[in-house]
Amino acid sequence: MGVEQKLANMGVVTTTLETAVNWGRTNAMWPMLFGLACCAIEMMGAQSAHYDMSRFGMELMRPSPRQSDLMIVAGRVSRKMAPVLRRLYDQMPEPKWVVAMGDCASCGGVFNNYAVVQGVDEIVPVDVYVAGCPPRPEALIHGIVTLHEKVRKEKFVNWA
């Protein structure tokens, strides 16, 4: 007899601390509102009742970096905006994650010039890239589910 069979009637749950902490982190991510261009409209659409990002624990988008642990960069980042983006990222508490939403945030999109950053990964480390111009709300939700899978697999040694 295994421990599952012995303790099943008693209502006892067995798990590891990593699993419990990662479950809590995936179900309570607070994204920071950082919309820069047309992708921001699709990001707002993902919060609407039709797509309902609230089912992932993202009840509202925080305007403050100190209250959020997920930065969704939606749209093109200009060279003038890059230091602001980095400052906001540095103000976020650990652990923190970044989603690059759209072609402009991922690789500069159609704006191949000196004024637009050719990928936000030049400024901050990116965990998930969401493709599209602009990506649909379903694509952003898929990116968030992909990020959740990544967070669930994190180990304590990776947090130090």
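Reply: Start with contact, which means heavy atoms within 4.5 Å. By that rule Leu-140 touches Met-43, Ala-46, Met-53, Ile-72, Val-99, Met-101 and Val-130, not counting residues up to four places away in sequence. Keep in mind that this is a predicted model.

Me: Why are S2 and S3 called paired strands?

Reply: Two strands pair if at least two bridges are found between them. Strand S2 (residues 70–74) and strand S3 (residues 97–101) are joined by five bridges and run parallel, so they meet the condition.

Me: Why are S1 and S4 called edge strands?

Reply: The open sheet has four strands in the order S1-S2-S3-S4, with parallel pairing. Strand S1 (31–32) and strand S4 (128–130) each pair on one side only. Helix H3 (residues 39–46) packs on the sheet, touching S2 and S3, and its direction makes about 135° with that of S2. Helix H4 (residues 82–91) lies across S1, S2 and S3, at about 165° to S2.

Me: How do you know whether His-50 is buried or exposed?

Reply: Its relative accessible area is 66%. Exposed means over 50%, so His-50 is exposed. His-50 lies in the loop between H3 and S2. From His-50 to Ala-74 the distance is 20 Å, C-alpha to C-alpha, and the two are 24 residues apart in sequence.

Me: Why is Glu-42 called buried, and what is Arg-136 called?

Reply: Buried means under 20% relative accessible area. Glu-42 has 18%, so Glu-42 is buried. Arg-136 has 44%, which falls between the two cut-offs of 20% and 50%, so Arg-136 counts as partly exposed.

Me: What makes Glu-42 and Arg-136 a salt bridge?

Reply: The side-chain nitrogen must be within 4 Å of a carboxyl oxygen. Here the N to O distance is 3.7 Å, so the pair qualifies. Glu-42 is in helix H3 and Arg-136 in the loop between S4 and H6, 94 residues apart. Glu-42, Arg-136 and Glu-138 are linked in a network of salt bridges.

Me: How do you know that Glu-122 and Arg-79 form a salt bridge?

Reply: Their closest N and O atoms are 3.5 Å apart, and the limit is 4 Å. Glu-122 lies in the loop between helix H5 (103–107) and S4, and Arg-79 in the loop between S2 and H4, so the pair ties together parts that are 43 residues apart in sequence. Glu-122, at 44%, is partly exposed, and Arg-79, at 43%, is partly exposed too.

Conventions: Residues are numbered from 1 along each chain as its sequence is written. This is a predicted model: local features need pLDDT of at least 70, side-chain atom pairs count only at pLDDT 80 or more; totals for chains, interfaces and linings use all residues. Side-chain values use heavy atoms; hydrogens and water are left out. Helices (H or I, at least four residues) and strands (E, at least two) are DSSP runs, numbered from the N terminus. Axes are lines fitted to C-alpha atoms, for helices over the stretch in contact, and angles run from 0 to 180 degrees between N-to-C directions. Buried means under 20% relative accessible area, exposed over 50%, partly exposed in between (1.4 Å probe, protein chains only).
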